[in-house]
Amino acid sequence: MTSQTTTPVGIYWKPGVWDLARSAYIADLDTDPDSPGSFVGWLAQALEVHAKRSPHKRAELAAAGENHPALVSVTRKSFNKKHDLPASTIEAVEDALVADRQELGRMLARSAFAQEAVIAAAEAARRRLGRDLPPPPQKLSNRPPRRRPAR
C-alpha cells in the first residue's frame, strides 16, 4: 500500500482464521513475488481478489470453506481487531456485499466476507507453497524479510 487514503475497519476474527491469515501471509512472502510486504497489505489484497469474484464464485467458495478447521475454536475466543485498509478496498468489499445480496440473497457482514476471503487466499497460498502452511508466528514483525530470488 502506498500513500492512499486508509480507513480503520474492525474485523471480528475467529482465532483459527486469524492464525490461518498470518500463516498464509508468511507463506506468500516466500512463494508469491506479487504478495505485499505487510500483513495489512496482504489482507487488503485478499479482500480485493475476493471482491472481484462473481457472487456465484464467492458463494461456491463459501460453501467449500464452510467446514474449514480454522472456523472452529474450542479454547480461544473470537476478537475484534482494527486494520487500516485502503478506502478503495472497503468500497470494493461493500460493492461485493451489495451484489451478493441483490443477486443471491446472501447477507454477509464485512467480517464474514473477510473470513471467506482469507480462507480462499490461504488455500491459494497453500497451493503455491506445495505443502501445509507454516505455523502462524507468535507476533508479526512490521516488515519481515522476503525470500530473495536465486542469482
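Helices (H or I, at least four residues) and strands (E, at least two) are DSSP runs, numbered from the N terminus. The model is predicted, and local features need pLDDT of at least 70, side-chain atom pairs count only at pLDDT 80 or more, and totals for chains, interfaces and linings use all residues. Residues are numbered from 1 along each chain as its sequence is written, and side-chain values use heavy atoms, with hydrogens and water left out.

The loop between helix 1 and helix 2 contains Ser-38. Ser-38 counts as buried because its relative accessibility is 12%, where buried means under 20% relative accessible area, exposed over 50%, and partly exposed in between (1.4 Å probe, protein chains only). The side chain of Ser-38 reaches the backbone nitrogen of Gly-41 at 3.1 Å. A polar contact is a pair of N or O atoms within 3.5 Å; within protein, one must be able to donate a hydrogen and the other to accept it, and residues adjacent in sequence count only if both atoms are side-chain atoms.

Helix 2 covers residues 39-52. The expected span of a helix is 1.5 Å times one less than its number of residues. For the 14 residues of helix 2 this gives 20 Å, and the end C-alpha atoms are 20 Å apart, which agrees. Of these 14 residues, 10 are buried, so helix 2 is largely enclosed by the rest of the structure. The buried residues are Phe-39, Val-40, Gly-41, Trp-42, Leu-43, Ala-44, Ala-46, Leu-47, His-50 and Ala-51. Their cover includes strand 1 (6-13), helix 1 (15-31), helix 3 (55-64), strand 2 (79-86), helix 4 (87-104) and helix 5 (110-129). Contact here means heavy atoms within 4.5 Å.

Helix 2 packs against helix 5 at an angle of about 95°, and the two axes are 9 Å apart. This makes helix 2 roughly perpendicular to helix 5. Axes are lines fitted to C-alpha atoms, for helices over the stretch in contact, and angles run from 0 to 180 degrees between N-to-C directions. Angles under 35 degrees count as roughly parallel, over 145 as roughly antiparallel, 65 to 115 as roughly perpendicular and the rest as oblique. On the side of helix 2, the contact is made by Trp-42, Leu-43, Ala-46, Leu-47, His-50 and Ala-51. Helix 5 contributes Phe-113, Ala-114, Glu-116, Ala-117, Val-118 and Ala-121. The residues of this contact divide into 10 nonpolar, one polar and one charged. In this grouping, Ala, Val, Leu, Ile, Met, Phe, Trp, Tyr, Cys and Pro count as nonpolar, Asp, Glu, Lys and Arg as charged, and the others, Gly among them, as polar.

Helix 5 has 20 residues and reaches 28 Å from its first C-alpha to its last, close to the 28 Å expected. Ile-119 lies in helix 5 and is buried, with a relative accessible area of 11%. Not counting residues up to four places away in sequence, Ile-119 touches Leu-20, Gly-65, His-68 and Leu-71. Between Ile-119 and His-56, 63 residues apart along the chain, the C-alpha separation is 16 Å. Just after helix 5, Gly-130 takes a positive phi of about 85°. Pro-136 belongs to the segment after helix 5 and is partly exposed at 29% relative accessible area. Apart from neighbours within four places in sequence, Pro-136 is in contact with Asp-19, Arg-22 and Ser-23.

Because 14 of its 17 residues are buried, helix 1 is largely enclosed by the rest of the structure. In strand 1, Ile-11 is buried, with a relative accessible area of 3%. Beyond residues up to four places away in sequence, Ile-11 touches Leu-43, Phe-79, Asn-80, Lys-81, His-83, Ser-111 and Ala-114. Ile-11 and Ser-23 are 12 residues apart in sequence, and their C-alpha atoms are 18 Å apart in space.

Helix 3 includes Ala-59, which is partly exposed, with a relative accessible area of 24%. Ala-59 touches Leu-104 and Arg-106, not counting residues up to four places away in sequence. The C-alpha atoms of Ala-59 and Glu-116 are separated by 9.3 Å, while the two residues are 57 residues apart along the chain.
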